[in-house]
Amino acid sequence: MQEPQGQSTPAEAQGETQTLRWQRLMEAAQSGDQRAYATLLREAAVFVRLIARRYHSDTTALEDVVQETLISMHRARHTHEPGLPVEPWIAAIAKSRAIDGLRTRRRQARLAAQLSNEAHTTSRQSADTEEGRFATQSQVIAALETLPPGQRAAVQMLKIQEMSLSDAARASGKSMPALKSLLHRAMLALRETLNGGRDA
Amino acid sequence: MPENTDNLIERLTRDAAPVKALRAPMVRAGAFLGVVVAVMSVLVAFAGDRAGLLSHLSDLPYAVTLAGAFVAGVSALVSAVMLSIPGRSEAWIYLPVPGALLWLAAGLVECARNAAKGATEADAFAGDCFIFILGAGAPVIAATYFLFRGTVPVHASSVAALAGLGAAWLAAFLLQLMHAHGASPIDFGSHILAVATLMLFAMTIGRPTLKT
C-alpha cells in the first residue's frame, strides 16, 4: 500500500530522498544523537498525521494518534533494522495506533451509552438520538477529566482499554481490591456528575 | 491528551539514550531454530524410534507428513519473528501455509488409506500423542520469550498464534521421530487438536505479554 509522503525538506531539495534522510536520522537517533532524533520525530509527526487522517476526522483524536505513535516509536526505536527504510516501520506503528484509537473511542461511546442509559431513568433528556449520544459522550469525557488521577486511571484501564483486573493491577502497581474500589468510586462520581449536569 | 505534541517531542528527545538495534529477524530466528533443532536431535539420538522411522520413511504419505510438520513449524516461527517487527509485510503470515497444507493433506491421505485397510491400531496412541505434543510444544512456546524479548509487535495476536503453531508443529515432527507409526483418523485428529490447543494457549499467554 502506498503511504503518504511527509513534507519536503531542505535535504530533499539537495537531492537526498526522504527515505535515505530518515534512515540516516534514525541510525543517528539509535546512537543517541538527540538533535537527529528531534528532527526525525518532528518530520514523522507530519507523516503520521496524514496516515491518522484516514481513520480519524476529529482533531483531538488525530493528535492523540500522533502522540501515541511518537511514544510507541520511542519505545520501539531499537526494533528498526539499520539499512532499511523507516517509513514502513513508522506507518505500521501509526496504523496500529490509529486502529487502537478507533477502539478507544468506541469504548468511550459504549461507556457513555451505559452511563447515559442509567441517567436516562432520572432525566427527561433522551439518549436515544444521535445528538443525545454525542452530547453524553462529550460529557463523559469532560467528567472523566474531573476525576482524581487514580480513579481516572482505573476507568481508563478497566472500562476504556478493557484490561483485565490483574493486568491493570500489574500496570498500575495497585492491588486488585484497591483498583476495584477506585473504579467503584469513579463510576459513582461519574454518575453523580452526569446526573447533576442534566438536572442543572 | 492534554500534552502538546511539540512538548512531547522535546520530552522524548531528552529521554533518548543510545539503543542497541535488535539483530536482524532472520538471524534471531535462525539462532532460535538452531537451538531447538539441536535439542530435538539430542532427544532423537537418545530416545528416537530409529528402526520404526527407517521402515516408515519409504511410505510417501508418512514422509510428507513428517516433512510438512517440520516445514510448517520452521516457517511459522520465521513468520512470527518477521511480524514481530513493525513495518514488515503482513504477507509473512502466509509463510506457514504450504507446510501446513502438506502436513494436513498427507496426514489425511495416510488416515484414509489406513482406515480403508481397517488399520486402526494407532487409535490407541491418540491420548499419548496429544499429551506428547502439548508436553513438547509448551517448553518451545516458553522459550520463544527469548526470541521475542525486546520486540514491540503491532500484530501481537498473530505473532503469538504463529509462535504457538510453530512450536506445535515442531512438537508433532518430534513425535513422529520418537514414535513412528501410521496415522489413523482418531490419532491424527489428536495431533490437530493438540496443535490448535497450543495455538490458543500461546495466544492466551502471549498476547498480553507482547501487546504494546
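Is Phe148(B) buried or exposed, and how many other C-beta atoms lie within 10 Å? Phe148(B) is buried, with 21 other C-beta atoms inside that distance. Please keep in mind that this is a predicted model.

**Chain A at a glance**

- Chain A is built with nine helices and zero strands, so to read it from the N terminus is to follow the pattern α-α-α-α-α-α-α-α-α.
- The chain has 200 residues, and 34% of these count as buried.
- Take the contacts in chain A with a separation of 6 or more: 61% of them come from residues 24 or more positions apart.

**Chain B at a glance**

- Chain B has eight helices and zero strands, in the order α-α-α-α-α-α-α-α along the sequence.
- Its C-alpha atoms fill a box of roughly 75 × 30 × 25 Å along the principal axes.
- Of the 212 residues in chain B, 46% are buried.
- For contacts in chain B between residues at least 6 apart in sequence, 90% join residues at least 24 apart.

**Where the chains meet**

- On the chain B side, 24 residues are in contact with 32 residues of chain A.
- Helix H1 (residues 5-14) gives the most to this side of chain B, with five residues.
- Sorted by class, the side of chain B that touches chain A holds 16 nonpolar, six polar and two charged residues.
- One helix pair to look at is helix H3 (residues 34-52) of chain A with H1(B): their axes come within 9 Å and cross at roughly 150°.
- An angle over 145 degrees counts as roughly antiparallel, and H3(A) and H1(B) are therefore roughly antiparallel to each other.
- The crossing of H3(A) and H1(B) is right-handed.
- From H3(A), the residues Gln34(A), Tyr37(A), Ala38(A), Leu41(A), Arg42(A) and Ala45(A) take part, and they meet Thr5(B), Ile9(B), Leu12(B) and Thr13(B) of H1(B).
- By class, this contact of H3(A) with H1(B) has six nonpolar, three polar and one charged residues.

**The nonpolar cores**

- The largest nonpolar core has 57 residues, and those with the most contacts inside it are Ile133(B), Ala168(B), Trp169(B) and Ala171(B).
- Elements of chain B that give two or more residues to this core include helix H2 (25-47), helix H4 (60-83) and helix H5 (97-116).
- H7(B) gives the most to this core, with 17 residues.
- Apart from this core lies another, of 32 residues, with Trp22(A), Phe47(A), Leu70(A) and Trp89(A) among them.
- For Trp169(B), the residues touched are Ala69(B), Ala72(B), Gly73(B), Ala76(B), Trp103(B) and Val195(B), not counting residues up to four places away in sequence.

**The pair H7(B) and H8(B)**

- The axes of H7(B) and H8(B) come within 7 Å and cross at roughly 145°.
- This crossing of H7(B) and H8(B) is right-handed.
- Contact residues of H7(B) include Ala160(B), Gly164(B), Ala168(B) and Trp169(B), while those of H8(B) include His191(B), Val195(B), Leu198(B) and Leu210(B).
- The residues of the contact of H7(B) with H8(B) divide into 18 nonpolar, four polar and one charged.

- Phe148(B), the residue of the opening question, has its place in helix H6 (residues 126-148) of chain B.
- Not counting residues up to four places away in sequence, Phe148(B) touches Ser84(B), Val159(B) and Leu210(B).
- Phe148(B) and Glu10(B) are 138 residues apart along the chain, and their C-alpha atoms are separated by 30 Å.
- Phe148(B) counts as buried because the cut-off is 20 or more other C-beta atoms within 10 Å, and Phe148(B) has 21.
- In chain A, His80(A) lies in the loop between helix H4 (59-75) and helix H5 (87-120).
- His80(A) is buried too, with 26 other C-beta atoms within 10 Å.
- Its contacts, leaving aside neighbours within four places in sequence, are Met26(A), Val86(A), Trp89(A) and, from chain B, Ala21(B).
- The C-alpha atoms of His80(A) and Gln18(A), 62 residues apart along the chain, are separated by 16 Å.

Terms used
Residues are numbered from 1 along each chain as its sequence is written. Chains are lettered from A and ligands numbered from 1 in the order in which they are written. This is a predicted model: local features need pLDDT of at least 70, side-chain atom pairs count only at pLDDT 80 or more; totals for chains, interfaces and linings use all residues. Helices (H or I, at least four residues) and strands (E, at least two) are DSSP runs, numbered from the N terminus. A residue is buried if 20 or more other C-beta atoms lie within 10 Å of its own, exposed if 12 or fewer, and partly exposed in between; C-beta atoms are placed from the backbone. Two residues are in contact if their C-beta atoms, placed from the backbone, lie within 7 Å. Ala, Val, Leu, Ile, Met, Phe, Trp, Tyr, Cys and Pro count as nonpolar, Asp, Glu, Lys and Arg as charged, and the others, Gly among them, as polar. A nonpolar core is a set of buried Ala, Val, Leu, Ile, Met, Phe, Trp, Tyr and Cys residues joined through C-beta atoms within 7 Å. Axes are lines fitted to C-alpha atoms, for helices over the stretch in contact, and angles run from 0 to 180 degrees between N-to-C directions. Angles under 35 degrees count as roughly parallel, over 145 as roughly antiparallel, 65 to 115 as roughly perpendicular and the rest as oblique. A crossing is left-handed if the near helix is turned anticlockwise from the far one by less than a right angle, and right-handed if clockwise.
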